[in-house]
Amino acid sequence: RGGADSAALLRKQMVSSVQWVKQVQAMYRDGARVFVEFGPRATLAKLVEKILPKGEDVCVVAVNASKDVSADMQLRAAAIQLAVHGVPLARFDPWSLPNPFLVGRPSESPAPTPESVLKVKKGVLSLSAATFKAPRTTRATEAAMSDGYKISGNTVASVGPTDAELQAAKKEASERQQMVKTAE
C-alpha cells in the first residue's frame, strides 16, 4: 500500500470505536485461553477478566501491574503464572545469572547465546521481555551497584550466619545469662 492509503487507514482507525468486548469474546470463542498484558498497570487484564466467564481454563496475566514492585520480579511472577497454567517457557531468561547452588556442576543444556535466542523461525512469533528494564529499576540497580561494596571471585550466597557471627551470638547470650544470674 502507498503512503496515502496508509494515512487514510490510520485516520479511519483513530476515529473508529474499539470493539474490545467483541474482540475478546471472539478470541475466546476461537480458542484463546491465555491473555498477557505487557505494559504499566493491569487495565486490559482486568477488562478481560470481567468479559470472560469465570473458570479454570482462562489465564489472564499482567506483566507490569504495579509501579511499586520491581519489574524483574513482576516478570518472573508472570512467568510462574504462565508455567502453572501450562504455557511452555523454555529459556525464559537467557541472560540470567547462573544458579549459585549449581556452581561446578554440569548444567542440563548449554547456556544460550544472544544470537541463538534472537534467531527467528518463519511462522513463529517469539516475545521476550527478559532484556527490558523499566527506568526506575535501572536507576535502583545502578544505585545498588555503586554503593561502595565490592564482590570478586566465585561467590555463593550465604544461607545462614557465618562462624564469627555464631560465636559472637553465643558470647552475647552467655554474657546476658551472667547478668541475669548476677541480678538475682
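Predicted model: local features only at pLDDT ≥ 70, side-chain atom pairs only at ≥ 80, totals over all residues.
**Entry 1: helix 1**

I started with helix 1, which covers residues 3-15 and has 13 residues. From its first C-alpha to its last I read a reach of 19 Å, close to the 18 Å expected at 1.5 Å a residue. Next I asked how many residues of helix 1 are buried.

**Entry 2: a patch on the surface**

I then looked up Val15, which lies in helix 1. Is Val15 buried or exposed? Its relative accessible area is 72%, and exposed means over 50%, so Val15 counts as exposed. Together with Leu10 and Met14, Val15 makes a nonpolar surface patch. I noted about 370 Å² for this patch.

**Entry 3: salt bridges**

I went on to charged side chains. Side chains of opposite charge can pair when their charged atoms come close. How many salt bridges does the structure hold? I found 5, and I wrote down some of them.

One of them joins the side chains of Lys67 and Asp68, at 3.4 Å from N to O. I checked both residues for exposure: Lys67 is exposed, and Asp68 is exposed too.

Another links Asp72 with Arg76, at 3.1 Å from N to O. Both residues sit in helix 4, which runs over residues 71-84. Why are they about one helical turn apart? They are separated by that much because they are 4 residues apart in the helix. For Asp72 I read a relative accessible area of 35%, so this residue is partly exposed. Arg76 has 31% and is likewise partly exposed.

I also looked at Glu172, which forms a salt bridge with Arg176. The closest N and O atoms of this pair are 2.3 Å apart. The pair belongs to helix 7, residues 163-183. Glu172 and Arg176 are 4 residues apart there, so about one helical turn separates them. With 43% relative accessibility, Glu172 counts as partly exposed.

**Entry 4: aromatic rings**

Last, I turned to rings. A pair of aromatic rings is described by the distance of the centres and the angle of the planes. How many aromatic pairs does a search of the whole structure find? The count is 0, and I had no pair to describe in this way.

I did find a charge over a ring. Which residue lies over the face of Tyr28? The residue is Arg33, at 3.7 Å from the ring centre.

Notes: Residues numbered from 1 in each chain as written. Heavy atoms only, no water. Phe/Tyr/Trp six-rings, centres within 6.5 Å; stacked < 30°, edge-to-face > 60°. Lys NZ or Arg CZ within 6 Å of the ring centre and 35° of its normal. Helix = DSSP H or I, 4+ residues; strand = E, 2+ residues; numbered from the N terminus. Expected span 1.5 Å × (residues − 1). Buried < 20%, exposed > 50% of the residue type's maximum accessible area, 1.4 Å probe, protein only. Patch = residues over 30% accessible without salt bridge, like charges linked within 9 Å, V, L, I, M, F, W, Y side chains within 5 Å. Areas by Shrake-Rupley, 256 points an atom, 1.4 Å probe, with all protein chains shown as cover. Salt bridge = Lys/Arg side-chain N within 4 Å of Asp/Glu carboxyl O.
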